[in-house]
Amino acid sequence: MASAAVLGLVALVVVVATWLWTAVMHHLLWRPYAVAKSFRRQGIRGPAYRFFVGNNEESKAMRVATANDVLNIRSHDIIPRVLPQYQAWTASYGKVFLSWTGYTPALCVGDYDMVKQILSNKSGLYNKPDPGPNILALLGKGLVFADGDLWTRHRHVVHPAFTMDKLKRMATTMAECAGEVVGAWEARAAAGSGGVARVENIGQQFVELTADVISHTAFGSSYREGKEVFVAQRELQYIAFTSINKVRVPSLQYLPTKTNVRRWQLTKKVRGTLMAIIRDRQAAAKDARGYGNDLLGLMLEANASADAGEQRAAMSLDEIIDECKTFFFAGHDTTSHLLTWAVFLLGTHPEWQQKLREEVLRECGGTKAPIHGDALNKLKIATMVLYETLRLYGAVTIIARKAAADTELGGVKIPKGTMTMIPIAMMHRDEEVWGADAGKFNPDRFRNGVGRAAKHPSAMLGFSVGPRSCIGQDFAMLEAKATLALIVRRFEFEVAPEYVHAPTDFLTLQPKCGLPILLKLLHQ
């Protein structure tokens, strides 16, 4: 009996081992070979697949090789620093090529018609890829990563909070928060030599400002608790960044490693803080005090008023928490970097700074006049400057979608599971689409609107395009306009001489060594 049991166990082990070996060989060896061969037959080539790691090692080596490169302050050619592997592979294989992220095929799609086909799809054919536990801890599974019916339900509830009439009411709050920062600079300049104030790293000031804005506009009277979420998310961002481009090992996220334990602690803190805020709002609503007029209140009100016969429209508490994570991080991080790069560009192009100043004084009034949403919407030059900033220094340099089924894209057959990589930063510098001055700062290209700025109507990808375009783009533009308006009507500014121009992709694009700015007080 004992020997029979042992033989049975051995047989089971052999069967399981054979199954595992077959599965491993299929995913790590045979499938990559078959996929690469299929693409080659269609004229799509790329760097050779390497067992298990794909092209991760050579990609990392190219990034390391350019990590210490410094650009001329007038150069906007950031590609060798942030996407050197894509630049090299595009030069060798063209705008559409195949590379490998581990054992997952990744099709670089640098063709605008193909990109439009991906981003305009409404059938769920191109989904957001699983970002992994570290990025999910930071952003939650809100609108950014939700797909299918989950995305539809979330969009239905969240959208009412981001209509322009609601956002314009928040413009005063945005301006008040920015006014405190500008007022502090003004006091320093007035007390300094020649009316000049030096800001060592204006990007960090904008991070704190936009966190303050989102804390007030999203959480209203609970903004202090919102700032606690901001602190935790900054650490989660660092954890998420260090995990990028690593081959993901199944189940590793559940082991009590130092990083995992810290991520669990921070996730618990963020969830607990947000849950307490939401519970307070729900209790206030029961007492007939309402949910509040901030973003959270508007979202909770829309969720509560969902048609009782359409339960799919309502979100659970955990889903609401995920949306809070999403709009809190996206609402402050991307806007802070938009402002940072806008100030950099205006600081190195004084002629555009003066044009913007004249427009602000004309539409918004002098330094004592309050800032209103209606006036901000009239700032055409500000809009042009911000879109050109997004084109050259957009927060996201590349976006990914995963094919949910075998499909055809621009005449190319793509197998299920293939990642489609859209190199936004490279496409925004494509001279065939944007013209010979694609590498230059020229806000005039947007004078007739985004759709006419380039040869392709969907060339501007700063906020994405199609049904999944950024729901918070009007919020970001309004906040950026309010802040720039307050700055330019009070100061002339320039980039400090010791600034090191080395844009770096730290989940979002930002200056590697910070952005020091000299502010000179204007006498009006």
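This is a predicted model: local features need pLDDT of at least 70, side-chain atom pairs count only at pLDDT 80 or more; totals for chains, interfaces and linings use all residues.
Buried means under 20% relative accessible area, exposed means over 50%, and partly exposed is in between (1.4 Å probe, protein chains only).

Residues are numbered from 1 along each chain as its sequence is written, and side-chain values use heavy atoms, with hydrogens and water left out.

**Exercise 1.** Work out whether Thr66 is buried or exposed, and find what it touches.

*Solution.* Start with the location: Thr66 sits in helix α2. Helices are DSSP runs of H or I with at least four residues, strands are runs of E with at least two, and both are numbered from the N terminus. Next, take the relative accessible area of Thr66, which is 13%, so this residue is buried. Last, look for contacts, meaning heavy atoms within 4.5 Å. Leaving aside neighbours within four places in sequence, Thr66 is in contact with Pro80, Arg81 and Pro84.

**Exercise 2.** Pro84 turns up again in helix α4: list the buried residues of this helix and say what covers them.

*Solution.* Helix α4 covers residues 84-93, and its buried residues are Pro84, Gln85, Tyr86, Trp89 and Thr90. Here's a handy rule: an α-helix has 3.6 residues a turn, so residues three or four places apart point the same way. Now for the cover over the buried residues of α4: it includes α2, α3 (79-82), β1 (96-101), β2 (104-109), β8 (419-422) and α17 (424-427). Finally, step past the end of the helix: α4 is followed by Gly94, which has a positive phi near 100 degrees.

**Exercise 3.** Describe the surroundings of Val207.

*Solution.* Then check burial: the relative accessibility of Val207 is 3%, so it counts as buried. If you skip neighbours within four places in sequence, Val207 is in contact with Phe230, Arg234, His332 and Ser336. For scale, Val207 and Gly110 are 97 residues apart in sequence and 32 Å apart in space, C-alpha to C-alpha.

**Exercise 4.** Glu323 has no salt bridge: which side chain of opposite charge is nearest, and what does Glu323 touch?

*Solution.* Glu323 lies in helix α13, residues 317-348. A salt bridge needs a side-chain nitrogen of Lys or Arg within 4 Å of a carboxyl oxygen of Asp or Glu. Lys and Arg count as positive, Asp and Glu as negative, while His and the chain ends are not counted. Glu323 is buried, and the nearest side chain of opposite charge is Arg468, 8.7 Å away. Not counting residues up to four places away in sequence, Glu323 touches Gly142, Leu143, His154, Val158, Met299 and Met315.
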